[in-house]
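Here are a few exercises to work through with the model open beside you. Try each task before reading its solution.

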Amino acid sequence: GYGVVLVGSGPASALYFGGYKLVGRYLGEHRPEAPFPNAIAGFSAEVLALTVYTPMDVTKQRLQVAPAGTTVGMMLTTLTRERGVRGLWSGYWAGLMVWGPYSAIFFGVYEKVKEGLLSAPRTAPISSGNSNVVEFLAGVSGGAVGAIITQPLDCIKTRVQVGGQSLSAALGQGAGRGAKGDLHHRAVRPSHGLGATLREVLAHEGPAALMRGTAARVLWLAPGAGVTITLFETIHRLLQSSVHADGGLS
């Protein structure tokens, strides 16, 4: 499934960051003092990006558990015959349930922390002329906060997704974009809806079970978020500089 990820990640990321900038501009540009518009822009970016991420993940996951020699064409033919074209977007709403709030929180925190680091007297000397440092630190902060707050949602989504599968099949699947989720189950049980799964977890394991795996999730998402947003901001500045040099509009 590596080739599928390689081909799909570019368009999905373009929709994600392009959507964030576009919606943010429509809402009145990104204003650190007003994180709510940034959160709306972040959620909207996820709505757009998941239209590509979801079929990419479905294809990748099926290839990972398919017999050796299965091609993308063979897998897509089988999938569309069994579930129709809509089967490629199976899990879209479940993914949006987790990654929509995550992106909303990430961009809200990111813009706020970035502005704070750029304006604070103690950090201004460090950030002066080196915006990449600020962007990385703000990205890590946003990724960490988003990962912690949305951990219960990811836990419930993952249990629903793997509930009706064999353990080996569940271990072979990611739990969201880039296999970001964790497997929070002691035994594989029949699949339930979100509400029923939440009640089952609270009744048998308690609220603490919803936060199981939080540290691993933060260690995975936060550094990646810092690197990704820093690269994006750097490329965005370079493109803006190129447009200005050509006499165009940013």
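## Aromatic pairs and a core

Tyr16 is buried, at 7% relative accessible area (buried means under 20%, with a 1.4 Å probe and protein chains only). This is a predicted model, where local features need pLDDT of at least 70, side-chain atom pairs count only at pLDDT 80 or more, and totals for chains, interfaces and linings use all residues. Residues are numbered from 1 along each chain as its sequence is written, and side-chain values use heavy atoms, leaving out hydrogens and water.

**Exercise 1.** Work out how the rings of Tyr16 and Phe107 are arranged.

*Step 1.* Rings of Phe, Tyr and Trp (its six-membered ring) pair if their centres lie within 6.5 Å; planes under 30 degrees apart are stacked, over 60 edge-to-face, and the rest tilted.

*Step 2.* For Tyr16 and Phe107, the centres are 5.8 Å apart and the planes 40 degrees, a tilted pair.

*Step 3.* Tyr16 sits in helix H1 (residues 2-26) and Phe107 in helix H4 (residues 92-119), so the pair ties together parts 91 residues apart in sequence. Helices here are DSSP runs (H or I, at least four residues), numbered from the N terminus.

*Step 4.* Phe107 is buried too, with a relative accessible area of 1%.

**Exercise 2.** Classify the ring pair of Phe106 and Tyr110.

*Step 1.* Their planes are at 15 degrees and their centres 5.8 Å apart, so this pair is stacked.

*Step 2.* Both belong to helix H4, four residues apart, or about one helical turn.

*Step 3.* Phe106 and Tyr110 are both buried.

**Exercise 3.** Find what Phe107 touches, skipping residues up to four places away in sequence.

*Step 1.* Count a contact when heavy atoms are within 4.5 Å.

*Step 2.* The list is Tyr16, Phe17, Tyr20, Asn38, Gly42 and Ile229.

Notes. Helix = DSSP H or I, 4+ residues; strand = E, 2+ residues; numbered from the N terminus. Buried < 20%, exposed > 50% of the residue type's maximum accessible area, 1.4 Å probe, protein only.
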